[in-house]
Amino acid sequence: MDLQLQGKTAIVTGATAGIGLAIARTLAREGVAVTVTGRHCDKLEVGAFTPPDMVHYGVSKSAQLAVSRGMAELTKGTGVTVNSVLPAATRSDGIVEYLRQTAPRPGMSDAEIEAHFFQTYRPSSLIARMIEADEIAAMVALLASPLGAASNGAAVRVEGGSFRSIL
């Protein structure tokens, strides 16, 4: 699908791995000039529910949400859109390894561990599985495109974290 992004510009935060990297790659494939930021310079050279065990993480994301909304207000009417995407549990090397280390029984398969995680810690999840980074990247590409231009200043919950702001 042509998302009409050729020649557009995006800033993707946290783009050295996982969701951010998938977003940056997807937008670049659509012809976007992508500026990436992240914590790992060596990797660079290659826009909600907060679970009780992640309150510290949720606080930082709330601050980013406020910044994104403020930026959307500052740029209204200019054709620039700023949205926040807030995905739920997303598959990454880090989360998979963490879940393996905290499995309730030795010898469980990754599928069993994931099912236990959603039954025990995320029972309100509608899809009851980890979301893939490429699924989030596809949502971001749509929101960043002219086809998603009616969404500005929004917080889009992706069932399945963190979030990214796209300019």
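**Backbone, strand and helix features of the predicted model**

Ala128 is partly exposed, with a relative accessible area of 46%, in a structure that is a predicted model. This residue, Ala128, is placed in the loop that lies between helix H5 (110-120) and H6, and its phi angle is near 50°, which is a positive value in a residue other than glycine. A positive phi is also found at Gln4, where the angle is near 60° and where the residue is likewise not a glycine. Gln4 belongs to the segment before S1, and, because its relative accessibility is 42%, Gln4 counts as partly exposed.

Strand S1 is joined by four bridges to strand S2 (residues 33-36), and the two strands run parallel.

The packing of two helices may be considered next. Two packed helices are described by the angle between their axes and by the distance between the axes. For helix H1 (residues 18-29) and helix H6 (residues 133-144), the axes come within 8 Å and cross at roughly 50°. An angle between 35 and 65 degrees counts as oblique, and H1 and H6 are therefore oblique to each other. The crossing of these two helices, H1 and H6, is right-handed.

On the side of H1, the residues that take part in the contact are Gly18, Ile19, Ala22, Ile23, Thr26 and Leu27, and on the side of H6 they meet Ala133, Asp134, Ile136, Ala137, Val140, Ala141 and Ala144. When these residues are sorted by class, the contact of H1 with H6 is found to have 10 nonpolar, two polar and one charged residues.

Beyond helix H6, the loop that leads from H6 to strand S4 (155-158) contains Ser151. The relative accessible area of Ser151 is 18%, and, because a residue under 20% counts as buried, Ser151 is placed in the buried class. If its neighbours within four places in sequence are left aside, Ser151 is in contact with Thr81, Asn83 and Leu143.

Terms used
Residues are numbered from 1 along each chain as its sequence is written. This is a predicted model: local features need pLDDT of at least 70, side-chain atom pairs count only at pLDDT 80 or more; totals for chains, interfaces and linings use all residues. Side-chain values use heavy atoms; hydrogens and water are left out. Axes are lines fitted to C-alpha atoms, for helices over the stretch in contact, and angles run from 0 to 180 degrees between N-to-C directions. Angles under 35 degrees count as roughly parallel, over 145 as roughly antiparallel, 65 to 115 as roughly perpendicular and the rest as oblique. A crossing is left-handed if the near helix is turned anticlockwise from the far one by less than a right angle, and right-handed if clockwise. Contact means heavy atoms within 4.5 Å. Ala, Val, Leu, Ile, Met, Phe, Trp, Tyr, Cys and Pro count as nonpolar, Asp, Glu, Lys and Arg as charged, and the others, Gly among them, as polar. Two strands pair if DSSP finds at least two bridges between them. Buried means under 20% relative accessible area, exposed over 50%, partly exposed in between (1.4 Å probe, protein chains only).
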